[in-house]
Amino acid sequence: MAHGLTPAERDRMVASLESALAAVRGAEVTTDCRDCAHFESPDRCGMWKAKIPPGAMQHGCDAWEEGVPF
Ligand code: SF4
């Protein structure tokens with residue numbers, strides 16, 4: 001048996017990966033303050049050194065950064 005993919009196998013794999021990529025690109029992302037590296041419990045931002053207004057908590061801001069993942 002030869003190594004490699006047949007053209008049809010390759011095309012199916014490319015279509016499958018493109019579909020998965022589109023799903024990931026379309027996924028909702030969150031910048032909730034509680035998931036940000038600068039968040040200080042219960043309601044402060046270490047970056048801006050300010051209390052986070054309740055209405056802003058779930059949206060965060062443009063300075064959102066990935067925090068420790070646990
Ligand atoms: S998203 Fe912005 S406001 Fe919220 S904790 Fe992070 S840096 Fe502060």
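A pocket, on a 1 Å grid over the protein atoms alone, is an open set of points where a 1.4 Å probe fits, with protein on both sides within 12 Å along at least five of seven lines; its lining residues have an atom within 4 Å of a point. Grid points are joined across faces, edges and corners, and a volume is the space filled by probe spheres set on the points. The largest pocket here has a volume of about 200 Å³. Of its 17 lining residues, Cys-33, Cys-45, Trp-48, Ile-52 and Cys-61 are closest to the centre.

This is a predicted model, in which local features need pLDDT of at least 70 and side-chain atom pairs count only at pLDDT 80 or more, while totals for chains, interfaces and linings use all residues. Residues are numbered from 1 along each chain as its sequence is written, and side-chain values use heavy atoms, with hydrogens and water left out.

Start with the whole chain. Its radius of gyration, taken over C-alpha atoms, is 21 Å. A compact globule of 70 residues would be near 11 Å, by the rule of 2.2 Å times the number of residues to the power 0.38. The C-alpha atoms fill a box of roughly 65 × 20 × 15 Å along the principal axes.

Now the elements. The chain has 2 helices and 3 strands, both taken as DSSP runs numbered from the N terminus (helices: H or I, at least four residues; strands: E, at least two). Their order from the N terminus is α-β-β-β-α. The 3 strands form an open antiparallel sheet, ordered β1-β2-β3; strands pair if DSSP finds at least two bridges between them. β1 (39-40) and β3 (50-51) are the edge strands, each pairing on one side only. Between β1 and β2 (residues 44-45) there are 2 bridges. Phe-39 has Cys-45 of β2 as its bridge partner.

Two loops deserve a look. Pro-42 sits in the loop between β1 and β2. The peptide bond into Pro-42 from Ser-41 is cis, with omega near 5°. Lys-49 lies in the loop between β2 and β3. Its phi is positive, near 50°, though Lys-49 is not a glycine.

What takes up the space of the largest pocket? The ligand does; a molecule sits in a pocket if more than half of its atoms lie within 2 Å of the grid points. Residues around the ligand (a heavy atom within 4 Å) include Cys-33, Cys-36, His-38, Phe-39, Cys-45, Cys-61 and Trp-64. This shell has 8 nonpolar, 2 polar and no charged residues. The pocket lining has 13 nonpolar, 3 polar and 1 charged. Here Ala, Val, Leu, Ile, Met, Phe, Trp, Tyr, Cys and Pro count as nonpolar, Asp, Glu, Lys and Arg as charged, and the others, Gly among them, as polar.
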